[in-house]
There are 2 protein chains.
Amino acid sequence: MLQSDKFKKIKPHLITRSLKPENQETPIHFLENRQTPSALTYRRNHFNYPPFTNQSYNLTITGSVKTPITFHYNQIISLPSRIVTSVLECSGNKRSYFEPKVYGEQWKDGAISQGTWTGVPLSYLFSKTGIKTGASEVVFQGEDFGVKKGKHVHFERSLPLEKALAGDVVVVWAHNQKPISPKHGFPFRLIVPGWYGMASVKWLKTIRVVDHPFSGPFQTDDYVYYPHKNNNEEAVPVTVSHVNSIIQQPLDRQILQPGQHEIKGLAWTGEGVVISVEVSVDDGGTWKPATLHGQPRQFQWIKWSYSIVFEKNREYSIKVRAYDSNGHLQPDTAFWNRKGYGYNAVSQIKIKVE
Amino acid sequence: MLQSDKFKKIKPHLITRSLKPENQETPIHFLENRQTPSALTYRRNHFNYPPFTNQSYNLTITGSVKTPITFHYNQIISLPSRIVTSVLECSGNKRSYFEPKVYGEQWKDGAISQGTWTGVPLSYLFSKTGIKTGASEVVFQGEDFGVKKGKHVHFERSLPLEKALAGDVVVVWAHNQKPISPKHGFPFRLIVPGWYGMASVKWLKTIRVVDHPFSGPFQTDDYVYYPHKNNNEEAVPVTVSHVNSIIQQPLDRQILQPGQHEIKGLAWTGEGVVISVEVSVDDGGTWKPATLHGQPRQFQWIKWSYSIVFEKNREYSIKVRAYDSNGHLQPDTAFWNRKGYGYNAVSQIKIKVE
């Protein structure tokens, strides 16, 4: 019957954190896909969505280059392309778990998605423009703009020239085998695999090569680790994603039936690959290896699982930690910083068996 | 342009807590409507959605009644109807705020919605069946079923006879001027305004008058306040909704610009009406009255707001408490109970002005 069909549509949704501007999490606990569908890919905006005009189809490379060039969309999509499947994680992901608490979007575990991106390596575009001697950084400007601390600014970020020329930095025009959706940067987006999401500038409009350190509100004010509450000493820029994990199932504070269960989730890292995931069901007293599903691949998360028989009338404190090939592991306590970036403490939940 | 149109669709979504069974919150911070749209009304299920058959159109009243009757849908909708606009709040709403933390669905503020329900007063149906002397309770059985602690059970709840006969208890067949959606109880649902949502049985199938106290897993095990972690002493059944409130805007831990702002939200209570809402911006040191918007109405939430000029470079600890006409007010600390029902401590957020 028709009514029964309606019953079947049980699906997760984006988790709304704010609407002006739009910031919504991926329902990461409830997704199995290797590619997070575009509609459920997390949305992190600093401003309103930018207007779209015919000019938006142009991408300009300028500044300290030998030959400034403006590429049209039709040109870009006909250049040799590269496909990269990559985690994209907001540096504020898990911010709400910091203690003491910090201000800003109170992301839980879902400011992260994995997608497949198609585009032109940035280094290929630079092979057309050339780069002048003395150049040191590349500034990426998005079309999105607004007022930040009283000033009218665009979203702008820079990369060191060396990083910009690494082959894995791509100017993309497709996401999950389709044109990028308007909410995720159509027509062009930068993708910097392995770095937190602020580097992957959406609605990419202008690429400017410069010979001096770039400063801007999203470069030298936000997206900086400030270890102290009341001063800016020992500040360090946010760059590469930390080794990290999530327990997707069971859910925190879930009440379960006794018997066989599977603890499962994802693990990822910005540099190198995840080489092992360990699970503790006694609050960190003892650790056992989880099963990794598939081969670890650079820039991608890996699924892991751990089978266990839960006993009746018990509570379990479950912890999970990932290690990567660079020797990094998730710490017991995250590195606290005033703006709340890079949280990657050991993942933990508690469950009760009745 | 088409692309620009797509940009505009910024909308909140249900907040997924679990999918098996489906439990999703209303995005309560982002809704202005007096009627929560059906699609954004919170979903709280104990089991899978029940199958729908032609038999589902029948509603049977049986047990200690003089004339048992089975009403067909077409009869019910042609009887004298009553319209009630009411808050529906899950007794587990705000459960995640309890300290020490408790097990169960980790609802934040959105296990609450307000809807307009149309149906037949239960007392009218009983005027047709009559009630035998000695009857003491009325048991409402939903079509939804499953295994609970090893037993195959339906969702069933009882009301004291006196409450069941109060004119405001209604067997409804419309929600927000349309047939109830399959996810919210089509074709029939009980609505018990002023009581927590567990009393408002969905997919209502059988109404059974009994002459003894009803016990069942959702009556005498769940939906009971247990004040102690390790024993069931001093247990009290969950019934009427507590006086309560929510701060919709600003959001907790939001970073704001200096200047004029509006703090706003909702307040409600199960018995009587909300008569005042107070706001403190100094962590409870001093309290000022908020403006109430519209006349307080029984069973409905009331909007409130409070204007304030926020000063630059300051943090504010904002608290809100509602009072009702029965002399109840929100406590500083919620009454802790093992299964986490009825949380109604003073609402609070912190914000920072930059």
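Helices (H or I, at least four residues) and strands (E, at least two) are DSSP runs, numbered from the N terminus. The model is predicted: local features need pLDDT of at least 70, side-chain atom pairs count only at pLDDT 80 or more, and totals for chains, interfaces and linings use all residues. Residues are numbered from 1 along each chain as its sequence is written, while chains are lettered from A and ligands numbered from 1 in the order in which they are written.

Chain A holds five helices and 24 strands. Its radius of gyration is 21 Å, close to the 20 Å that the globule rule gives for 354 residues, so chain A is as compact as a globular protein of that length. The radius is taken over C-alpha atoms, and the globule rule is 2.2 Å times the number of residues to the power 0.38. The C-alpha trace of chain A spans about 70 × 60 × 40 Å along its principal axes. Of the 354 residues in chain A, 45% are buried. A residue is buried if 20 or more other C-beta atoms lie within 10 Å of its own, exposed if 12 or fewer, and partly exposed in between, with C-beta atoms placed from the backbone. Two residues are in contact if their C-beta atoms, placed from the backbone, lie within 7 Å. Among contacts in chain A between residues at least 6 apart in sequence, 68% join residues at least 24 apart.

Strand pairing is considered next. Two strands pair if DSSP finds at least two bridges between them. An open sheet of chain A has five strands in the order β5-β4-β13-β8-β9, and its pairing is mixed. Strands β5 (69-72) and β9 (151-160) of chain A stand at the edges, each with a single partner strand, so one side of each is left without a neighbour in the sheet. From one strand to the next, the twist averages 25°. Axes here are lines fitted to C-alpha atoms, for helices over the stretch in contact, and angles run from 0 to 180 degrees between N-to-C directions. Strand β8 (residues 137-148) of chain A pairs with β9(A) in the antiparallel sense, over nine bridges. A:G146 has A:V153 in β9(A) as its bridge partner.

Another open sheet of five strands in chain A runs in the order β17-β24-β23-β19-β20, again with mixed pairing. Its edge strands are β17 (255-256) and β20 (288-289) of chain A, and each pairs on one side only. Strand β19 (residues 274-280) of chain A is antiparallel to β20(A), and two bridges join them. In β20(A), A:K288 is the bridge partner of A:V279.

Strand β18 (residues 259-268) of chain A is joined by five bridges to β16 (residues 244-249) of chain A, and the two run antiparallel.

Several loops carry backbone features of note. Most residues other than glycine have a negative phi, and most peptide bonds are trans. A:K94 is not a glycine, yet has a positive phi of about 70°. A:K94 lies in the loop between β6 (82-89) and β7 (112-121) of chain A. With 25 C-beta neighbours inside 10 Å, A:K94 counts as buried. B:F299, also not a glycine, has a positive phi of about 75°. The loop between β21 (291-293) and β22 (302-310) of chain B contains B:F299. B:F299 is buried, with 22 other C-beta atoms within 10 Å.

Cis peptide bonds also occur in loops. The bond from A:F186 to A:P187 is cis, with omega near 5°. A:P187 is found between β11 (178-179) and β12 (189-191) of chain A. The bond from B:E99 to B:P100 is cis, with omega near -5°. B:P100 sits in the loop between β6 (82-89) and β7 (112-121) of chain B.

A rotation of 180° with 0.0 Å of shift along its axis superposes chain A on chain B, with an RMSD of 0.0 Å. That is the relation of a two-fold axis. In chain A, the C-alpha nearest the axis belongs to A:I15, 2.7 Å from it. The same surface serves both copies: 100% of the contact residues of chain A recur in chain B. Superposition is by least squares on the C-alpha atoms of residues with pLDDT of at least 70 in both copies.

The contact takes 30 residues from chain A and 30 residues from chain B. On the side of chain A that touches chain B, α1 (2-8) and β1 (15-19) of chain A each supply at least two residues. By class, that side has 17 nonpolar, seven polar and six charged residues. Ala, Val, Leu, Ile, Met, Phe, Trp, Tyr, Cys and Pro count as nonpolar, Asp, Glu, Lys and Arg as charged, and the others, Gly among them, as polar.
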